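Open the model in your viewer and follow the stops below. Each one says what to select and what is there.

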Amino acid sequence: MEAFEYARPTTNEEVVKLLTGAKGGAQVLAGGTDILSLMKDGVARPARLVSLQHVKELRGITFHPGTGLRLGATATFEELLENPDVRKHYPALAQAAEGVSSPQVRNTGTVAGDLCQRPRCWYYRAGFGLLAIYNGKPLVPDGDNRYHAILGNSGPAYFVSPSSLAPILVALNAKVKLHGPQGARELPVQDFFLTPKNDQEIEHALQPGEIVTEILVPAPGDVKMAVYEVRQKEALDWPLAAAAVVLNLEGDTVKKVRVVLGHVAPVPWPSPEAEEALTGKSVSEDAAWEAGKAALSKATPLSKNVYKVQLARVAVKRAILRAAKGEA
Amino acid sequence: MAKCKYDWPEASDRRLIGKRINRIDGPTKSSGRAKYTYDINLPGLLVAKIYRSPYAHAKITAIDTSEAEKLPGVKTVRIIQGVGKEIQWAGDEIVAVAAVSEDIADDAVRKIKVEFEQLPHFVHEEDLQQAGDHAKEAGGEKGGDPDKAFSDPDVVISEGFYGIPTITHCCLEAHGNVAEWTGANLRTYSSTQNVSGLPGQIGQALREQGVNVPDNNIETICNYVGGGFGSKFSPDRWGIEVAKLAKAAGKPVKLMLDRNMEMEVAGARPSGYAQIKVAAKKDGTIVAWDSHSWGTGGPAGTTMPPLPYVLNIPNKITRHTSISTNTGPGRAWRAPNHPQAALLTMCALDDLAAKLNMDPVEFFSKNADLAGERAEVYRQELRKAAELIDWQKNWHPRGDKSAGTIKRGLGLSLHTWGGRGHNSNCNVTIHPDGSVEVTLGSQDLGTGTRTVIAVVAAETLGLPVEAIRVNIGDSKFPSSGASGGSTTVGGVSASTRRGSVDALQQLLAVVAPSLGVPADQLVAVDGHIQAKGDAAKKLTWKEACAKLQVKTLQVTGKNPGQCALGSSGVGGVQIADVSVDTETGLVKIHKMVAAQDCGLIIDLKTAESQCYGAMIMGITYALFEEKVMDRATGRMLNNNMEFYKLAGIGDIGELVVHMMTGPGYDERGTIGLGEPPVISPGAAISNAVANALGVRVPTLPITPDKVLAALEKGGAA
Ligand SMILES: Cc1cc2nc3c(=O)[nH]c(=O)nc-3n(C[C@H](O)[C@H](O)[C@H](O)COP(=O)(O)OP(=O)(O)OC[C@H]3O[C@@H](n4cnc5c(N)ncnc54)[C@H](O)[C@@H]3O)c2cc1C
């Protein structure tokens, strides 16, 4: 790891100043579970790290039945899991946090860090860049792409969005609040994630000097929700495919549904196809499976990840059934 | 048989041997007091890092280390492979740097500039057709008349492709050494499986490279090792380099491999693939075998695994192709070539049994005679393992026909290993104050070597285990063999037994006059020296030792030596019970059982622990492990603990170990156990998956993509 400067501000304003004022680039340090490995691997080389740990206004989780949930940027997975309001009103958010199956990461990793963490693409992590270019050619299409995207992968980006929280946040129409040199702004979580089109772009909407300060989740209303992740190992592993579902039921019939897939595309992937397939149906194994198939109807798997199409279908199906059952 | 003086005590006389005894270094390890090579921090210590080739195959055309040398804190920069050298794998060592801190050493490495002429590389061997010039015929064998046997119209033939990829050893303590010169003497703190052997290897390499140091001036110390598995017998190039850096800098230097390099260059179990044809009569008698195997162990290729494995099939033809690849060189991995042989053989035979509609337990029991002298052992182990997994109740023919998407299956595998004790010398010392030491240049890889030595000495001297002080891990101690090939327990238990028996005999001779009983009528029991059959005539151990007055008693014990205390050759059967989610292709282990013999067991607990550890390692390579190489860059993609997946506690299921002991087993004396239980898990799990699905997933690891692909092709599930 290269030498760097370490700053420990206490307000958002100071954070933004410290981020913009560093020669050689500054980066935010939240829980450090990702940024420190990026630095050790020489993928990130900030000249300054700006810690959020002492910024009080970035902390905490609050819930109001009328307005919904506010997650401070530095709230940890564990705080999310332990929060009774989250468990009661947003059980799927707790399910997603539970999936991050290492107590260490849950204790230190933060919710904003989960949205801002960089992709796990093994070419990117080995130093070939986010778009994994080698001798002028992209490595992923002809390389080992077993963990790469099956949707939204027409290039040049082939990685998958790593965030476990993002799909359910998108499905719940959550927003991120950002703070930067130009002040504060809000974006739907969906719009926070971007597919880079060239090597100047990255996978989210943060402008230089900007940070995520809060995540705002609307009051859920009378819905059922669930997340289902397909993971190979029980712990310390990433989902191979995931789906988040928010269901509005009228009796047995689906009045409205949001389906968002995770770990299948460079961004969290909403599926209007699945939503259409399920709307107006009563929830059954067959209807859920049809929705899963619809969600992947436009999948374009790469040479080694056809299997992910099936896993994503199953994730959608099981998330729908899990939501309908109201399992916590 | 006539009693020989060193013979193991009769079963009725064993107080400690064969019981479950806690490892004596457990508290030291679990409290963090155990010092590994990583923990050695000498005054003035420098840290070394290595510039490594980013290319899998390239010629070095220029090296510029000037910027690195200028960096404050950099003490020595040494070129390991200079201009003109051809690099054969990514990660190979080119320049070493020693600096006052790890950070500075890293910075210096980043400032080194090396130019290469890139050459074509080859890193994927699974598809033999693509190997071209990299493939070389590497022998084969013919026995009986395979052509005739296969063309018999009455035989049932099964054909298939099977494989097991290259995996890395993934030692949790990376390879590395600390080297310290004091005048003309070199001391190394090495993470090694070979304490007594290392100085000779280091000395020879240093002399060949112009550093004149006699072996006798070199001392290697290793008190604890964080895993070796066959990858730590040699000092390796980095172990020689660290000695040279230390000499050049005039300071001690530590050089431990980084995780990525541990994965890329310091461990590789060679792969094994094969196209196999097998035939049996309709009654299940196996008659013929035909295999064409191939694999890689890096630039040097591979040798043929012992095929067909365990069962000596009367008509057979084998052929092996060795493939050289530009990947980190292969190393011995726990039971070299046996996990490969087991997977290839036991899966092919299991497919044949399925084609014959035979229950595998019945099929393998029926053919056990082909295992020769151990046929009956295998039959007993098959029975035991089947009982432990409740085979009668849980087994079904190929393809779980029950409703639902979760399919369950059972699968088994057989294995064998030698495990004869290695050469070992030890000093057994009895001090006048009653303390006892056993001293030898062995090492404890975490297997329980220390404990075994203490148990044997304690049993022989009639003392509790805690009364024995075991000194190992220093090459200045009497030389004892490397820990590899399951040779350690056999070696150290035999030398310790002989030394302890002789030491006791000398002590008894000293004590005899004061008890007024002839020495040959005295025995050591329960911390006393007493007359046989007359417990009234006795001294406590301490009182007895006091008779030595100022003379410390020291005896050398040796293996091999008089009286056979060990032998060679074990069997073993494992059965896996798995379930497979046919929608996701995920495999979960419910339970695995092992029935394992290893002759006379010294410590039942550490023996069972060997089996548990081996089964966990086996589940890991069956379901998760493979070295993923990238075609374009020639580099390993999963050179970290994130993508190089290892089983966690939740992935393991229930493990049951049954050690075969008692009459028929104990008389064989001690036999090693490190290798055998790690051989079968891959095949047993693959067979269980095939039993669940009704279709074979041909290669390990059995990952969701492969399960789903196999199901696409068919399967009863
Ligand atoms: C073994 C392992 C398994 C894991 N499994 C999963 C998993 O299954 N699912 C999953 O979703 N994640 C998983 N993770 C990733 C983990 O969730 C993230 O590393 C974590 O959420 C990042 O949070 P952090 O606070 O540690 O971020 P840091 O490491 O501190 O920061 C990560 C990145 O986000 C930036 N950043 C952080 N906070 C802000 C902010 N408020 N504003 C702007 N930028 C910010 C940093 O500059 C940095 O680039 C796993 C990690 C490990 C090590």
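**Stop 1: chain A against chain B**

Select the contact (heavy atoms within 4.5 Å): 27 residues come from chain A and 30 residues from chain B. This is a predicted model; local features need pLDDT of at least 70, side-chain atom pairs count only at pLDDT 80 or more, and totals for chains, interfaces and linings use all residues. Residues are numbered from 1 along each chain as its sequence is written, chains are lettered from A in the order in which they are written, and side-chain values use heavy atoms, without hydrogens and water.

The two chains, A and B, bury about 2,700 Å² between them, 53% of it on carbon and sulfur atoms. Buried area is the accessible area (1.4 Å probe) that two parts lose on being put together, summed over both. Now pick W122(A), Q232(A) and K233(A): in chain A they lose the most area to chain B, together 24% of what that side buries.

**Stop 2: the salt bridges**

Chain A and chain B share seven salt bridges (a side-chain nitrogen of Lys or Arg within 4 Å of a carboxyl oxygen of Asp or Glu). Show K588(B) and E234(A): their side chains form a salt bridge at 3.0 Å, N to O.

**Stop 3: two domains of chain B**

Colour domain 2 (37-119 + 175-256) and domain 3 (347-418 + 568-714) of chain B; the bounds come from an automatic or database domain assignment. Their C-alpha centres lie 40 Å apart. Each of these domains of chain B gives four residues to the contact.
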